[in-house]
Protein chains: 2
Amino acid sequence: LPRMNRVFNFGAGPAMLPVEILEEAQAELLNWQGMGLSILELGHRTEAFIALLDDTEQLLRSLLAIPAHYEVLFLGGSARIQFGMIPLNFLHPGETAGYLVTGLWSALAFEEAKRLMSAYCIASGEADKFQSVPPVQDWVIQDNATYLYFTPNETVHGVRTEFPAVFQGLSCIADMTSCLLTEPITITDYQLIFAGAQKNIANAGLTLVIVNKDWLARIDNTQLPLMLDYRTHVKHRSLYATPPTFNCYLAHKMFQWVQRQGGIASMYHNNVLKAGKLYDYLDASSFYDASVEKSARSLVNVCFRTRDATQEARFLQEAQQNGLFALAGHRAAGGLRASLYNAMPMQGVDALIDFMQNFAHSKDK
Amino acid sequence: LPRMNRVFNFGAGPAMLPVEILEEAQAELLNWQGMGLSILELGHRTEAFIALLDDTEQLLRSLLAIPAHYEVLFLGGSARIQFGMIPLNFLHPGETAGYLVTGLWSALAFEEAKRLMSAYCIASGEADKFQSVPPVQDWVIQDNATYLYFTPNETVHGVRTEFPAVFQGLSCIADMTSCLLTEPITITDYQLIFAGAQKNIANAGLTLVIVNKDWLARIDNTQLPLMLDYRTHVKHRSLYATPPTFNCYLAHKMFQWVQRQGGIASMYHNNVLKAGKLYDYLDASSFYDASVEKSARSLVNVCFRTRDATQEARFLQEAQQNGLFALAGHRAAGGLRASLYNAMPMQGVDALIDFMQNFAHSKDK
């Protein structure tokens, strides 16, 4: 077991945080930087908070090599509002956007865009129950699409889509809620990237947006609520409304932590090893089954089943008794799921595989 | 000075929290309820979180005597999005709403409603620089207004508007961001109440909405983003998107704390004493000046000035050296402001008055 009788938390989000970050936050919770108050109590327009937010942005810019012509926004609330904001900001009447549907989240983003403005489906993995990414030769890329949208990592079915070569040079938007900071990306491949914080960035309640400044010139929807207009947040440097200050503070610590670990390349290296070890075990097992096609397997959400489905309830119960928390699959997919975000150490994966071996062995008897 | 070398934080929000709540949060930050994980890491669909959220709602219902036909929503992000949501949800094309403009926040809400749908001004305190509430005999209450909107406490100029008798029986909506839980209210006077959390409820990033279920039947705008449709959040019991889990946890502690203090009546009693003591001192002073008309003075944001405006920079500097933090007025109003929300103890007010006396005395020499 890890420090302080803490479990390994395999939940898909809100997810595990590095214990040293929690210890830092704990130590300074009543008195931050000797100011005599908690970061929870600090006004967002104080010099101290603005300096913290600026530094948080600079850390992220450094980690991801974000060019100067991209804005970084720290928005309050869930990433899900982006499903509506993106079409309402960037599509003009008569225009359409292409959505690559590889799981629940891209499906919901597509539905919202279609309902509010206009969108078409580039390809959908639904017929294959989202166990693979549709082959690229079957994709429909309309010449007139204003943008192409995809979700590089789908948490529910554990499906990964690498940046598609056919998107190169086109205007691309990506929901990186579950994969930002977990693998290298090229920012200039995208006009806009967004990510909810509760997987790899901070606690729930913060959404990061990275957007090409030039792309903002497209916006001319005068019926947008000001809070839904990206330009509002750019103009006010994420301080138009009170931002989620504590989440920004945790993001600052998380970005420093990623930097100390060696940056994104190091995170990616660890994530490949962690997921690889678990998939290797699953592929060699006759008791468990990882059904997602190998080329489409997520690095951070490993979905699997017991071949005998009646074992899963007992599996979850015994896993929890062994300090392995939240291994149930998403209610839309069922089965089991181990989320292995940046903060999950290899010891967590090892403990899980040990448990899985023992569980399989005891049930095979 | 209070415990742990903590200052008295007079900031208007994010604002001071009771130190015992911070101590509780600190003690359990790495291991909540013996679960072996932090509340920051707990999934929002776990039994434990859902039980916490249910209990948080029940505490609020009990504190405010919220009837069963009102819904309580815990939404992520800033309250400011309500400025757009309210007209977009509740106004049909051709309808209008009346806005009572008594300060910056109601003025901004009015502008957004007018821009997105249609709204008219019941009365405005702007000509008086928001130093009073316009006399009720000058108000325009249109018979056909769908709702009447007001901001019972305006933080920037420190202006309070009691529930207007002329609103009785009409559909009323109130922004209670800075006053919810600080004084008794009658929920059934309102169709909808909202409040950002960062004054009296929790840390920044949570917005509470209390809404009459019957009123939701008005909503028929099919062009609303799902995240902006109140019905979405009602249907999914605030779990449509990932809610700001840590803020909900702090709100739970805060509601328990208010209950332990004797509930809203006790909070109101203390707030009247705290603000009364400071206003009495200001009114007796020849050095300071509280300019808001007596009948309109806020209980929680006491705005004042030094009669010699050149003293204010020095005042702020020396106050901070004496552990009295964030006494600057809002940048739109200037001057000085002491925010005395529920968590500010009488000792804070006493320390402020002591300092003000000494400061005035030293400058009068």
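Tyr288(A) stands opposite Thr306(A), a residue of strand S12 of chain A. The model in which this pair is found is a predicted one. The pair belongs to the contact between strand S11 of chain A and strand S12 (residues 301-306), which are joined by 2 bridges and run antiparallel. These strands are part of an open sheet of 3 strands, in the order S11-S12-S14 of chain A, with antiparallel pairing. At its edges are S11 (288-289) and S14 (336-339) of chain A, each of which pairs on one side only. Helix H7 of chain A, residues 263-284, lies across S11, S12 and S14 of that chain. The helix runs at about 20 degrees to S12(A), and an angle under 35 degrees counts as roughly parallel.

Strand S3 (residues 96-101) of chain A pairs with S5(A) in the parallel sense over 3 bridges. Here Thr96(A) has Ala145(A) of S5(A) as its bridge partner. S5(A) is also joined by 3 bridges to strand S8 (residues 172-175) of chain A, and these two run parallel. In that pairing, the bridge partner of Leu148(A) is Cys172(A) in S8(A). How many of the 6 residues of strand S5 of chain A are buried? The count is 6 of the 6 in residues 145-150, so the strand is largely enclosed by the rest of the structure. In a regular strand, side chains alternate between the two faces of the sheet.

Thr102(A) lies in the loop between S3 and helix H4 (104-116) of chain A. Its relative accessibility is 1%, so Thr102(A) counts as buried, the cut-off for buried being under 20%. Leaving aside neighbours within four places in sequence, Thr102(A) is in contact with several residues, including Phe130(A), Val133(A), Pro134(A) and Thr151(A). Glu154(A), Val159(A) and Thr161(A) are also among its contacts.

Helix packing can be followed in chain B. Helix H1 (residues 19-27) and helix H6 (residues 245-260) of chain B pack with their axes 10 Å apart, at an angle of about 140 degrees. H1(B) and H6(B) are therefore oblique to each other. The crossing of H1(B) past H6(B) is right-handed. On the side of H1(B), the contact is made by Glu20(B), Ile21(B), Glu24(B) and Ala25(B). On the side of H6(B), Tyr249(B), Leu250(B), Lys253(B), Met254(B), Trp257(B) and Arg260(B) take part. The residues of this contact divide into 6 nonpolar and 4 charged, with no polar ones.

Some details of the backbone remain. Most residues other than glycine have a negative phi, and most peptide bonds are trans. In chain A, a cis peptide bond joins Gly13(A) and Pro14(A), with omega about -5 degrees. Pro14(A) is placed in the loop between strand S1 (8-9) and helix H1 (19-27) of chain A. In chain B, a cis peptide bond joins Gly13(B) and Pro14(B), with omega about -10 degrees. Pro14(B) is in the loop between strand S1 (8-9) and H1 of chain B.

Phe130(B) is not a glycine, yet its phi is positive, near 55 degrees. This residue is in the loop between strand S4 (119-124) and strand S5 (145-150) of chain B. With 9% relative accessibility, Phe130(B) counts as buried. Ser238(B) also has a positive phi, near 65 degrees. Its place is the loop between helix H5 (230-235) and H6 of chain B. Ser238(B) counts as buried, at 6% relative accessibility.

Note on methods:
Residues are numbered from 1 along each chain as its sequence is written. Chains are lettered from A and ligands numbered from 1 in the order in which they are written. This is a predicted model: local features need pLDDT of at least 70, side-chain atom pairs count only at pLDDT 80 or more; totals for chains, interfaces and linings use all residues. Side-chain values use heavy atoms; hydrogens and water are left out. Buried means under 20% relative accessible area, exposed over 50%, partly exposed in between (1.4 Å probe, protein chains only). Helices (H or I, at least four residues) and strands (E, at least two) are DSSP runs, numbered from the N terminus. Two strands pair if DSSP finds at least two bridges between them. Axes are lines fitted to C-alpha atoms, for helices over the stretch in contact, and angles run from 0 to 180 degrees between N-to-C directions. Angles under 35 degrees count as roughly parallel, over 145 as roughly antiparallel, 65 to 115 as roughly perpendicular and the rest as oblique. A crossing is left-handed if the near helix is turned anticlockwise from the far one by less than a right angle, and right-handed if clockwise. Contact means heavy atoms within 4.5 Å. Ala, Val, Leu, Ile, Met, Phe, Trp, Tyr, Cys and Pro count as nonpolar, Asp, Glu, Lys and Arg as charged, and the others, Gly among them, as polar.
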